[in-house]
Amino acid sequence: MIKVTDLCKSYGNTIALDMVSFEVKKGHIYGLLGPNGAGKSTTMNIITGYIAPTLGEVSVNNHILGKETNQAKKCIGYLPENPPLYPDMLVREFLQFVAAIKKVPKKSRLEEVENAIKKTGLSDVSGRLIKNLSKGYKQRVGIAQAIIGNPEIIILDEPTVGLDPKQIIEIRELIRSFKKDHTVILSSHILSEIAAVCDDVLIIAHGRVVACDTTDNLLKETGAARVFTVTVKGSKDKTKNVLSKLNKIVKNLQFISEEKDKVTFRFETTRRDDIREDISFALSDARLLILSLNEEQNSLEDIYLTLIDDADRKFAEEMARRKLEEEKEDEDEDSDEEEDSKDDSSKDSESEADEEEEKESSDDEKDADDSAESDAEKEAK
Ligand code: ADP
Ligand code: MG
């Protein structure tokens, strides 16, 4: 659906994106997650054809941006970081204007606008001026303009930023409802937002992709140990004895609590399969009744923080290395200059040679200019 290959974007000395590659499949909700300044908006602005990358390629439904930009853009509805709303227009009037700009055929324009108003819950305010709406409703208008024209892909840059908790829940529900008919990419710097809405997560930091997977796979791939708590009807010592014997499965066994004839232990396992069967058979063989056996979810938050910390560390190391290299280059240049000034005669002869070279190259340039001129003259004739 969308294929992004080796995307790079520089603003002067700032590298906003550094070899970003990923793929977006139909019918999923993707979360672009990363701290402020990570490159989320830049990525979205490039995918939607708003800005051009410095390097790399984006194809949307097999239309390559830069070659078939208009066809690619038609497949996408975009809510940028600062939604392009006209405050002095009425909601319906603005959406009709957007439909005209998006070249929605005249006969289906009214229906299309009404549809967008209904889908985004704007019916009650459709006759009001945009400037008089609350932030939450303005955001809905921004989303409505993105879905006009029924694009296959909807891209939303930080859609809930600045909204109150109730509005956030409403907008999240709205985004989830798009999954039925659209592929959605949304960005956020808040992990819980992405975890609540998205099937797949793409984590970026310092303009680089640090992880791209489903939430489940991310949890698996980081190799984090799974943590279980088990509560058993029986004595502490007997339970400890049985669980300790399962030393291929049970690691770091930890006593948590004991009350009356109820005892709770916590343990870790590196096994990826379902270990509950082994645990329950072993305990029931010892006539210990399991009252509960639960797996603690190693939260996505932990993984996110670890990945971002790693990326920050690598980035800092790389910056320090580059700085050292630059300093070394400067030092080398300085010592070269010192050497040069010590040996005047060689400097003179070198500079003479340089001058000679310069003269030659300027002659060459002149020749090239002359020939270009004569070519142009010829063409004019
Ligand atoms: P995010 O949306 O993840 O917060 P952005 O994509 O907006 O991040 O920015 C990524 C980096 O590029 C930041 O360091 C930001 O300062 C820089 N940047 C973004 N836009 C511009 C611009 N127009 N000119 C200069 N630097 C920019
Ligand atoms: Mg941004």
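Before the close-ups, one definition: axes are lines fitted to C-alpha atoms, for helices over the stretch in contact, and angles run from 0 to 180 degrees between N-to-C directions. This is a predicted model, where local features need pLDDT of at least 70, side-chain atom pairs count only at pLDDT 80 or more, and totals for chains, interfaces and linings use all residues. Residues are numbered from 1 along each chain as its sequence is written, while chains are lettered from A and ligands numbered from 1 in the order in which they are written.

**View 1. Helix H3 crosses helix H4.** Here H3 (residues 91-101) and H4 (residues 106-119) have axes that come within 10 Å and cross at roughly 125°. (Helices are DSSP runs of H or I with at least four residues, strands are E runs of at least two, and both are numbered from the N terminus.) That angle is why H3 counts as oblique to H4; angles under 35 degrees count as roughly parallel, over 145 as roughly antiparallel, 65 to 115 as roughly perpendicular and the rest as oblique. Look for Arg92, Leu95, Gln96 and Ala99 in H3 meeting Arg109, Glu112, Val113, Ala116 and Ile117 in H4. (Contact means C-beta atoms, placed from the backbone, within 7 Å.) By class, that's five nonpolar, one polar and three charged residues. (Ala, Val, Leu, Ile, Met, Phe, Trp, Tyr, Cys and Pro count as nonpolar, Asp, Glu, Lys and Arg as charged, and the others, Gly among them, as polar.)

**View 2. H3 also packs with helix H5.** The axes of H3 and H5 (residues 135-147) sit 9 Å apart, at an angle of about 25°. The two helices are therefore roughly parallel to each other. On the H3 side you'll find Val91, Phe94, Leu95 and Val98, and H5 brings Val141, Ala144 and Gln145. This contact has six nonpolar residues, one polar and no charged.

**View 3. What surrounds ligand 1?** The shell is Tyr11, Thr14, Ala16, Gly34, Asn36, Gly37, Ala38, Gly39, Lys40, Ser41 and Thr42. (Shell residues have a C-beta atom, placed from the backbone, within 6 Å of the ligand.) Strand S2 (14-24) and helix H1 (40-47) each give two or more residues, and H1 gives the most, with three. Sorted by class, the shell holds three nonpolar, seven polar and one charged.

Terms used: Contact = placed C-beta atoms within 7 Å.
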